[in-house]
Amino acid sequence: STVVRGVNFVFVNDVFGTVTADTAERFEQEVRKGLPIVLCMHVPIITPAMWQASEKFWRYNGKRFASVGASAPRGDYLRQQKDPVTRDFIARLRREPLLACLLTGHLHLNFQERFSPTAVQYVVGGNFMFGGEEILFT
């Protein structure tokens with residue numbers, strides 16, 4: 001983590017879509033600092049709406065704007081649902097009032113949605129596809 005102008009930027013290694021018990025405990029240490037938190041992760045906390053958007057973008061070539069339902073969870077989304085440490089971590093994040101936002105990537109598309117009462121999750125697409133997002137902290 002690093003503190004910039006009173007905001008705690010916390011970086012989490014979730015390259016496999018899950019977190020470890022050690023990661024969850026380290027997050028608790030960061031919360032105890034009492035500063036607003038920007039959580040930076042590679043893999044987003046995948047939600048049903050995000051999963052559907054990703055499926056529409058990647059799975060239905062030529063039908064990207066058709067109304068299609070998402071397939072059953074798989075990959076990172078399924079691992080997040082099945083792994084008890086990750087499930088508890090996600091539930092904990094949703095209750096944390098110091099969490100201001102989540103900055104994530106991995107899906108190669110731009111997506112944002114309300115994650116909790118205090119936080120928005122921003123997923124930024126890959127630069128190789130001209131994706132990008134400017135987020136101003138005020």
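Trainee: What should I keep in mind about the numbering and the cut-offs?
Mentor: Residues are numbered from 1 along each chain as its sequence is written, and side-chain values use heavy atoms, with hydrogens and water left out. Since this is a predicted model, local features need pLDDT of at least 70 and side-chain atom pairs count only at pLDDT 80 or more, while totals for chains, interfaces and linings use all residues.

Trainee: OK, which residues have the most contacts inside the largest nonpolar core?
Mentor: They are F27, L39, I45, L93, L99, L102 and F115, in a core of 17 residues. A nonpolar core here is a set of buried Ala, Val, Leu, Ile, Met, Phe, Trp, Tyr and Cys residues joined through side-chain atoms within 4.5 Å; buried means under 20% relative accessible area, exposed over 50%, and partly exposed in between, with a 1.4 Å probe and protein chains only.

Trainee: And which helices and strands each supply at least two residues of this core?
Mentor: Strand 2 (7-12), helix 1 (21-31), strand 3 (37-41), helix 4 (84-95) and strand 4 (99-104) each do. Helices (H or I, at least four residues) and strands (E, at least two) are DSSP runs, numbered from the N terminus. Apart from this core lies another, of eight residues, among them M50, Y77, L107 and V123.

Trainee: What does L39 touch?
Mentor: Leaving out residues up to four places away in sequence, L39 touches V10, V12, F27, L93, L99, C101, L102 and L103, where contact means heavy atoms within 4.5 Å.

Trainee: Switching to helix 4, which of its residues are buried?
Mentor: T86, F89, I90, R92 and L93 are buried, and they cover an arc of only 160 degrees around the axis, which puts them on the same side of helix 4. The arc is that of the directions from the helix axis to the C-beta atoms.

Trainee: What do those buried residues pack against, and what sits on the face turned away?
Mentor: The buried residues of helix 4 pack against helix 1, strand 3, helix 3 and strand 4, whereas the face turned away from the buried side carries the exposed residues D88 and R95.

Trainee: Which residues are buried in helix 3?
Mentor: In helix 3 (residues 75-82), D76, Y77 and Q80 are buried, and their arc of only 105 degrees puts them on the same side of the helix.

Trainee: Last topic: what is the phi of R5, and of H106?
Mentor: R5 has a positive phi of about 50 degrees and H106 one of about 75 degrees, although most residues other than glycine have a negative phi. R5 is in the loop between strand 1 (2-4) and strand 2 and counts as exposed at 86% relative accessibility. H106 lies in the loop between strand 4 and strand 5 (111-114) and is partly exposed, with a relative accessible area of 29%.
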